[in-house]
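This report covers the domains, sheets and chain contacts of one model. Please view the sequence and structure first.

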Amino acid sequence: MAVGKNILRKDGYEKLTGAARYVDDVTLEGMLYGKTIRSRIARGRIKSIAYDAAFDWSQIVIADYRDIPGKNYVALIEDDQPLLAENEIRHYAEPILLIAAANKDLLEAAAHHIHIEYEQWSPVLSIEDALACREIIYGTDNIFKRFLIGRGDVEEGFAQAERIIEGEYRVPHQEQLYIEPQGMIAIPGNEAMTLMGSMQCPYYIHKAIKQLFHLNDEQVVVIQMTTGGGFGGKEEYPSVIAAHAALLAHKAQRPVKLIYDRAEDIAATPKRHPGVIRHRTGVRRDGRMVASEIDLVFDGGAYVTLTPVVLSRGVIHALGPYACDNVRIQARAIATNTPPNGAFRGFGAPQVAFAYEMQMEKIAAELGMDSLELRRINMLREGDTTATGQTLIWSVGSEEVLNEAVERANYQAQRLAFSQSHSSIQTSTTNHVEAHKRRGIGLSFFLHGAGFTGSGEAKMKAQAGIEIMANGHPRVLSGSTEIGQGTRTIFSQIVAEELSLDFSAVEIEEPDTSRVPDSGPTVASRTCMVVGRVVQMAAREVKAKLLHFVAERFAAPEVELREGKFMVAEKALADFQEMACEYVNLFGELRCFAHYASPPEIEWNEETYSGDAYPVYSWGAEVAEVEVDMDTYEVTVVRLTTAQDIGRAIHPLLAAGQIEGGTLQAVGYGLLEELVWDQGRIINNRLTNYIIPTALDAPDMETIIVEKAYPHGPFGAKGVGELPINGAAPAIAAAVFQATGAFLSEIPITPERLQAAIEKVTTDEHR
Amino acid sequence: MSDEKNKSDQQKSGVSRRSFLKASGISLGVPLVVGHRVINVNGQEVKLYGPTKTSITLTINGAKQTVEVEPRVTLLEALRHELDITGAKRVCDRATCGACTMIVGGKAVYSCTVLAIEAQGKPITTVESLMQGEKLHPLQQAFVDNDGQQCGYCTPGFVMACKAFLDKNPSPTPEEVQKGLGGNLCRCGTYMGVRAAVLQAATMHKGGKNHG
Amino acid sequence: MRQTPTVQSPLTLNEIYAALAECAGDLKIIAGGTDLMVLANAHQLEASNFLDIWRVDELRGISDEGDALRIGALTTYTQLIRAPLIQQFIPALVAASRTIGAVQIQNRGTLGGNIVNASPAGDSLPVLAAYDAALEIGSQRGTRRVAFNEFYTGYRRTVLAADELVIAARVPKVKAGERDFFCKVGTRRAQAISKIVMSAKAQMNAASIASIQIGIGSVAPTVMRATQTEALLVGATLTPDLIEQARQMIANEVTPITDLRSTEHYRRSVTGNVLTKFLRQIIEGAEAR
């Protein structure tokens, strides 16, 4: 058995010995280094571009929008983002020119000798600015996209409500901060333009380059190199870098390497969408929700890019893991003059999760009831219906995760103990002469739809295949990328399990568009559940072909494949490897491809935005225990306990690593991470001042994996990558609320923000 | 190096089969190479490096290697660009992230803030040296066992920081381990795995077992 | 194209003095490189030649001079943390050194570097301020001694002449019965730049404060001493009321700004709160005794 075992990570050895080559570790003969010249204003137009005459430009390759053979757009959802600005500037750090030189010193020197003059226009820099429409920067109302979903009769629901509770929640930008900065190498050639580098989605780049250069499928080859983390940040943006490198390479007719340094990477690439989310909830005195109205606004930045898809996930997850018969959710994404926001692990869900969980805390506080009890009253269970009208028919681990997390963290006893110790403290929260550390414990409960939203997977029809190599071992052909999350390892386990082989016998082909089919992007927690399923189906087809072959060859119709051998009852006829080789020798090749088909039970209506938004959901619950230093307002997360239902852990150790990693990023989201802006420019674009958790900031974590098998996932597996990033921020905020009495409706809970909230509580108390 | 070895190295590098990937050093286009000069300033003789390239000798993973670098070049750049030793990574260039960590003269340092000329005469140890023949070093093995790496970009530096830590603290407590590893940022969130790996490697060491 | 810098590598203090006398101003002194190389990597040090003093062993070492310790400018934080003399006589300096960056920084960063870098956020500086340290400054013209609390003349400005070098800090030992204190409030738990950093020292005479020195960083253009608050506290009996008065006074005495890392409001009030941490410790220590 390979599935469920903690086998050696396929990419572990290379990474631990320094042998793994990432894009910046490779130097090619005759290679030039590229650099992007970017705007230094947030909004306006280019008046002039001047090149110092005294500088020797003969050694510099320069490219601008006029060098693009095709249309000047980066292919994504809408053709609105130019690859290089032509005249109008819509955000700070927008690419204008590209330069390349044989060495980096020359490149930096050249950059200093280019002078761009602008006419500055008044920029739109916040959600409030955009909605106020004083300046129109997109369409007629600055709105990129709207959704309205709902069911029941909200007015009727509110009429039945005994209490109506309102809350407004704010969530910030968050930088992916993959440790490997973005980078790409473009190699021009007679037959094809080759792009290799750090990426999540080779076929996105393939499509973008084809369009920009008017090339056909075979004329573009995209190869993923070992990639140092993505978290969504290498979903869409690498297409821009690849195209920039390709443009320079095309012009220079030499390979060009374009690597961002950290400051440029943070300044220019997409972030998690900030948002403002308003809840208005009607409840009965016993806690039952009878009406819910939610309004969410996401800041998309300067161009559409992936914003509509992020907003779509946001609106569908906005009510969270709760049932309510009367729901109306309005969602808008607006335009600002800031770099486009894009994909980041969670993709719209962590924003709304903070809001719906804090709203639960608020409702509980106002009703004077326990928030765990409130959640139990309203939670979705198997057979219940979601806001989009989806009835949950399978793999609903909601009760299990909540019970597990609460029990393992000893939540109720701790909650009681902390609340008793607080009521015994007579002094006010701002008395610094006495008690100085406060403890609190908080809970969050959440879900995450796995795979693409709505009919995305049905349209995508992800492909993957398996071929038998000359040595009789299988090789997986898939465009899904390894970015540290374990793609290569779990695919080898799935195939090994299906073909009853040792996992080490399975090879994974590099993601190279000339060799692997389009499995869809490596995003949306879909690699294991969706592509893993397709790989499994391809493996089954290989198995079927070989069984048929062996049955005929040995005239043994009842042959089976067990432990790497073809068996009839207890008699071994031949090895897998031997028969696979024989098959290949006889027929030339053995390659089987499969494509994804949605489960027949799933129905989605794109027009009304209703139905089965996702084939299945993963479920999580998290308990955070915190200590707050009342002198410095610093929050220490003492312990995190999380239970997550992921269907089946193909590799429990890697799955736990995904949960811990996502949870730690969420600790950063909740406590530390914030961008500081000055007129549209990010001024904390360094690892010294964009604050992510260090090992000392990482709390002890206990992870409990719950396995409610999903019948259409490989061996029951569903998504795991994104689920964990939803839980920590609201759980920590709930714990801080218990510890201090300050209700934080905005993250991150920096000491400065907590101080202000505590001072407000104290002022209110004294009033 | 035999062709066989060469081939297997290429396959490990993840860029196999592409003939155009023959790695080569970068030519900075500064042809003149001199050693350091001794200049006389106010009656004192002082070694002067640069501004042109200087020939220096570094002792890297037990082997002496001579490189020609401008004196402002960092140890990290010298190894990555001149010697194609690319395990240590350039990530922040700000002495913050630890991806460039090497052990120089027995101490963990950020090689992005050490001048290459300054590292002359001291043993320089990088992640490339840890393998013992075909076997992983016990610390590397402990990283494997505890999944102390995901994307791998912080890993070579993190492993070296852990090695230096264990060299100084062979039997650390879990709290010492947590406090001792603040100099390496990991965004995948492998800190739990790394802590467990360090504790495992320490236990193996304490038990006196020779794991390779 | 910009000129690439030269690097001079002296081996003795006299060689350093000579080099500084010859081409002062154009030379950037580099020791552990933890601050300077960061600027160099970010192309913020154009046209500077380096004077690399790392090999000058005369500048290393800690010696006992009776009522004070003399700490060579090139002494690293790791050396400070491990030195029994520092642990015994300047415990706050051990505490401060432990909070600086992380071990890789502590292995290369030097006390002298922290001093001359002149950042208001330098984490060892409040200790030197509270301990009334003196600096030994040398040049070809000779050696002079400057009180640490008179070393800074403004934001990132010092009394150092272009040909001079800080060669050592002379730090009085903590006295018997004296309590010392260090607290850094940073952006996170490692690799953090301080928002507020405080060191203090006090001698009690029964329930009243015989003497107190408070050094604070990140709350003014330079590291500072809270002299007004010290004056309030000296000779007074340590009561909750006095603690509250001191808390409010020091919050008004500091002159912080709002920047990337924190706000003026937070820095003022948390400076007060951090001081109360120390004063509470004194009361609790007295009660325990």
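## Basis

This is a predicted model: local features need pLDDT of at least 70, side-chain atom pairs count only at pLDDT 80 or more, and totals for chains, interfaces and linings use all residues. Residues are numbered from 1 along each chain as its sequence is written, and chains are lettered from A and ligands numbered from 1 in the order in which they are written.

## Domains of chain C

Chain C is assigned domain 1 (7–52), domain 2 (57–172) and domain 3 (179–288). The bounds come from an automatic or database domain assignment. The centres of domain 1 and domain 2 of chain C, taken over C-alpha atoms, are 18 Å apart.

Between these two domains, 15 residues of domain 1 of chain C are in contact with 19 residues of domain 2 of chain C. Contact means that the C-beta atoms of two residues, placed from the backbone, lie within 7 Å. Helix 1 (residues 13–23) of chain C gives the most to the domain 1 side, with six residues. Helices (H or I, at least four residues) and strands (E, at least two) are DSSP runs, numbered from the N terminus. By class, the domain 1 side has nine nonpolar, five polar and one charged residues. Ala, Val, Leu, Ile, Met, Phe, Trp, Tyr, Cys and Pro count as nonpolar, Asp, Glu, Lys and Arg as charged, and the others, Gly among them, as polar.

## Chain B against chain C

The contact of chains B and C takes 34 residues from chain B and 34 residues from chain C. On the chain B side, strand 3 (44–49) and strand 7 (107–110) each supply at least two residues. Strand 3 of chain B has the largest share, five residues. The chain B side divides into 15 nonpolar, twelve polar and seven charged residues.

Strand 3 of chain B also joins strand 1 (residues 7–9) of chain C through three bridges, and the two run antiparallel. Strands pair if DSSP finds at least two bridges between them. B:Lys47 has C:Ser9 as its bridge partner in strand 1 of chain C.

## Chain B against chain A

Here 54 residues of chain B are in contact with 53 residues of chain A. Helix 3 (138–145), helix 4 (155–168), helix 5 (174–180) and helix 6 (191–206) of chain B give two or more residues each to the chain B side. That side holds 26 nonpolar, 19 polar and nine charged residues.

## Domains of chain A

The assignment for chain A gives domain 1 (27–121 + 182–259), domain 2 (275–452 + 608–766) and domain 3 (456–595). Over C-alpha atoms, 38 Å separate the centres of domain 1 and domain 2 of chain A. In contact are 17 residues of domain 1 of chain A and 19 residues of domain 2 of chain A. The domain 1 side divides into seven nonpolar, four polar and six charged residues.

## A sheet in chain A

Seven strands of chain A form an open sheet with mixed pairing, in the order 3-5-1-12-9-10-11. Strand 3 (61–63) and strand 11 (220–224) of chain A stand at the edges with a single partner strand each, so one side of each lacks a neighbour in the sheet. Strand 1 (residues 32–38) and strand 5 (residues 95–101) of chain A pair in the antiparallel sense over six bridges. There A:Lys35 stands opposite A:Ile99 of strand 5.
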